[in-house]
Number of protein chains: 2
Amino acid sequence: MWVGFDIGGTKLAIAVGDAEGRIAARRRRPIAARGDPRADVDAMIADARALLAEAGVAADSLRGVGVAVPGPIDPVRGTVESPPNLAGWKSVPLADWFREAFDVPVHLENDANAAALAEWRFGAGQGARHLIYLTMSTGVGGGLVLDGRLYRGAGGAGEVGHMPVEWDGELCGCGRRGCLEAYVGGRCWTARLQRETPDGSRVAALAGGAARAKPEHVVAAAREGDAFALAELDRWNDYLARGLVALAFVFDPDVFVLGTIAAAAGDELCLEPLRRRLVENVWPVIANHIEIRAASLGEDAPYLAGLSAALESAMR
Amino acid sequence: MWVGFDIGGTKLAIAVGDAEGRIAARRRRPIAARGDPRADVDAMIADARALLAEAGVAADSLRGVGVAVPGPIDPVRGTVESPPNLAGWKSVPLADWFREAFDVPVHLENDANAAALAEWRFGAGQGARHLIYLTMSTGVGGGLVLDGRLYRGAGGAGEVGHMPVEWDGELCGCGRRGCLEAYVGGRCWTARLQRETPDGSRVAALAGGAARAKPEHVVAAAREGDAFALAELDRWNDYLARGLVALAFVFDPDVFVLGTIAAAAGDELCLEPLRRRLVENVWPVIANHIEIRAASLGEDAPYLAGLSAALESAMR
């Protein structure tokens, strides 16, 4: 059995499960950083011990621990550099502390990489030899499974959200201009929607005011046929397609798996328009065999991301 | 020992060599397609037999044959689909014919992939774990060595010359618009130069007329400080940098190795300006460790590309 942690934007998810992704016990709680990393980690260890007891897993049948964490991490030293949601954390030797507590191999993984592995092992990308995963959440992270294993490059590979799609274009959260994320990342798109949504529009009505418009309201209004919402989604698909076109020529993958916003928008509003754009803009020899799928793990995603990170501890 | 063939734009290069890239015998001749693929291949086989005899290699010490060939190939069936320089070739079972002749494993490789492998094994990329090679020749082909082995995707990976760098931009030879190759490929750049070079300019003088201007004349004029040539190279570096920026975020590689035109332009006119643009446009955690190097195999490149393809026959 394996223990996986997923340090999310606001919540911590912990799971005990097996190599087939069967979750024996799970727990989710708000991330409560006390400003003391050692105390934070001790609380995580206590949670995991409680889960192991709940699942009836003896200490000697635990094979590894994994942690999916927002970058940056130092995979060699096993340290978490400074996750945005954990106040006071800086170069925390998470791998060492978990190894001392559980006496098993520990693996830290960038959260987008862990999510890509989870979709590849257990979700929409099962059986793919070459899978490109895009988180499509507040930011646009990426995970690359190539020839059946995660590709990390020198440590920071897969930052597909920062490929330029419009040179010197709109400002991205990273401080650069024209990144894919500046157009299709949830945070950047929300800022645009709150500026551009017309008062009195269907999107504004669903959001309780134009200044509160979010991607979910655009998706809902588009389902009702609202013109502003459809135009916004069209623009979003256009920019996302620019990224997928570049990635298709570079990787010739089997499948793109798209997360949060794309999964919520679904086939008609997002995946089909993307498939059309791919075929229009990429040579048939490449475009014809590439599938575009929505991430399929839903509520289980953080637990399986943590477990997938844990399974990597046996790959070293 | 190994035999490698490189089917180039106008010439065929054949080499007999070892796994360390030491060439024992070599031959280069014009590509003479007789319209009869079987006769063409028999001539290649006769050439190789003569080279093996010249190098004193007994038939039983030959370990494999490799062919670097302009795509498309079918790597599974071992067929060459329709190389542009071989009239009458269509789905030629090259691997089968060579296997019958030499009774050893035969491997066909896309020419950009074979060149990438050659630079990685024997040239500017030796020792790199993650290498991105760009041909920078008449077209812009790419070869990706990731985690120490060639990545082919579903067969067509590495077409980095067709990443969009200006959406709906200039027309590319492939029929699409805005491809990297449309801006920095030798064929496309030459067409632009022959349109844009001012009569009476230094580039026109070196070329014997503006309508004959080529990249090599721009490089020569730029060395003399000519303003038009420097502006053209600046533009060329700008667009190439767009491609390298995208690839840096995606791959976080150890090294970019750049071929023909970049190698000819050299450090001051090309590699240094590219390094500056990479540092300006990519996060320091990625940009700071990436090296940009010129391909270093020079005249030996086609022979070593063929031998590198041959060495892959042992990797299957």
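At what angle do helix 8 (residues 227–251) of chain A and helix 9 (residues 260–281) of chain A pack, and how far apart are their axes? Keep in mind that this is a predicted model. The angle is about 45 degrees, and the axes are 9 Å apart. Angles from 65 to 115 degrees count as roughly perpendicular and those under 35 as roughly parallel, so helix 8 of chain A and helix 9 of chain A are oblique to each other. Their crossing is right-handed.

Here's who makes that contact:

| Helix | Contact residues |
|---|---|
| Helix 8 of chain A | Leu233(A), Asn237(A), Leu240(A), Ala241(A), Leu244(A), Val245(A), Ala248(A) |
| Helix 9 of chain A | Ala265(A), Leu269(A), Cys270(A), Pro273(A), Leu274(A), Arg277(A), Leu278(A), Asn281(A) |

Sorted by class, the contact of these two helices has twelve nonpolar, two polar and one charged residues.

Now over to chain B and its helix 7 (residues 215–223). Which residues are buried there? They include Pro215(B), His217(B), Val218(B), Val219(B), Ala221(B) and Ala222(B). What covers the buried residues of helix 7 of chain B includes helix 5 (186–196), helix 6 (202–207), helix 8 (227–251) and helix 9 (260–281) of chain B. Just after helix 7 of chain B comes Gly225(B), with a positive phi of about 90 degrees.

How do the two chains relate? Chain A can be laid on chain B by a turn of 180 degrees and a shift of 0.0 Å along the axis, with an RMSD of 0.0 Å. The two copies are therefore related as by a two-fold rotation axis. Both copies use the same surface: 100% of the contact residues of chain A recur in chain B.

Terms used: Residues numbered from 1 in each chain as written. Chains lettered and ligands numbered in written order. Predicted model: local features only at pLDDT ≥ 70, side-chain atom pairs only at ≥ 80, totals over all residues. Buried ≥ 20, exposed ≤ 12 C-beta atoms within 10 Å, placed from the backbone. Helix = DSSP H or I, 4+ residues; strand = E, 2+ residues; numbered from the N terminus. Contact = placed C-beta atoms within 7 Å. Least-squares fit on C-alpha atoms with pLDDT ≥ 70 in both. Axes fitted to C-alpha atoms, helices over the stretch in contact; angles between N-to-C directions. Parallel < 35°, antiparallel > 145°, perpendicular 65-115°, else oblique. Left-handed = near helix turned anticlockwise from the far one by under 90°. Nonpolar A, V, L, I, M, F, W, Y, C, P; charged D, E, K, R; others polar.
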